[in-house]
Amino acid sequence: ADHGYNEVIFPELPVYRQILARFFGIVPLLFLITAVLCATVVSKCVSNSGREGICFCEENRDLFAFAFLVLELVLVALCDFFKARNSRDVMNMLQERSESLIGVMRDNKWIELPGREIVPGDKVNLYAGMKIPADGVICTDDEPIKLDYSALTGEPLPGIKK
């Protein structure tokens, strides 16, 4: 066990940081600015309900709009967090189910292993359509082989290698 798994692992942020990240975007910041303005801007005159042209003056802040906007901001952030978490869980499940077994020669015996368990020195049995690590070495009997390495180079057609 000199080598670890042949896979890329992305570090996962703690849940509280994932949720807090949802509050730092353009739309959440606009919600927050609007909520703060609702709570801090003082209106002087308020119309009297039901009577035309009559108003009385008193200081008033729209705390209901402030509370509503903050509540809406929290709900949007939480919905976004749970939607992203569910999507990530589905992608992880699909990745686990799509892991295929690969024919590998170890200790002069052909065995089938998951692709993540391939280590330097393993010989891999290639077949059409198979994905292989970019750092693999191709060993042939001096026969040219046709490879599609367009994902690495951007070339539109497969190349022939010796």
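1. Going from the N terminus, the elements of the chain run α-α-β-β-α-β-β-β-β-α-β. That comes to four helices and seven strands, taken as DSSP runs numbered from the N terminus (helices: H or I, at least four residues; strands: E, at least two). Keep in mind that this is a predicted model, in which local features need pLDDT of at least 70, side-chain atom pairs count only at pLDDT 80 or more, and totals for chains, interfaces and linings use all residues. Residues are numbered from 1 along each chain as its sequence is written, and side-chain values use heavy atoms, with hydrogens and water left out.

2. On confidence: pLDDT is the predictor's own confidence in each residue, from 0 to 100. The chain averages 81, and 84% of the residues score at least 70. Among the elements, α1 has the highest mean pLDDT at 93, while strand β7 (residues 159-161) has the lowest at 64.

3. Three strands form an open sheet in the order β4-β3-β5, with antiparallel pairing. β4 and β5 stand at the edges with a single partner strand each, so one side of each is left without a neighbour in the sheet. Strands pair if DSSP finds at least two bridges between them: β3 (residues 101-106) and β4 (residues 109-114) have six, and two join β3 to β5 (residues 123-124). For specific partners, look at Gly103 with Glu112 in β4, and Val104 with Val124 in β5.

4. What sits in the turn of the β3-β4 hairpin? There are two residues between the strands, and both Asp107 and Asn108 are placed in that loop. Asp107 has a positive phi of about 55° although it is not a glycine, and Asn108, also not a glycine, has a positive phi of about 60°. Asp107 is exposed, with a relative accessible area of 73%, and Asn108 counts as exposed at 73% too.

5. Which residues make up the largest nonpolar core? Five in all: Ile102, Val104, Leu113, Ile118 and Met130. A core here is a set of buried Ala, Val, Leu, Ile, Met, Phe, Trp, Tyr and Cys residues joined through side-chain atoms within 4.5 Å. Ile102 stands opposite Leu113 in β4. Leaving aside neighbours within four places in sequence, Ile102 is in contact (heavy atoms within 4.5 Å) with residues including Ile118, Val124 and Met130.

6. Among contacts between residues at least 6 apart in sequence, 30% join residues at least 24 apart.

7. Last, the cysteines. A search of the whole structure finds zero disulfides, a disulfide being a pair of cysteine sulfur atoms within 2.5 Å. Cys38 counts as buried at 19% relative accessibility, whereas Cys79 counts as exposed at 53%.

Key. Buried means under 20% relative accessible area, exposed over 50%, partly exposed in between (1.4 Å probe, protein chains only).
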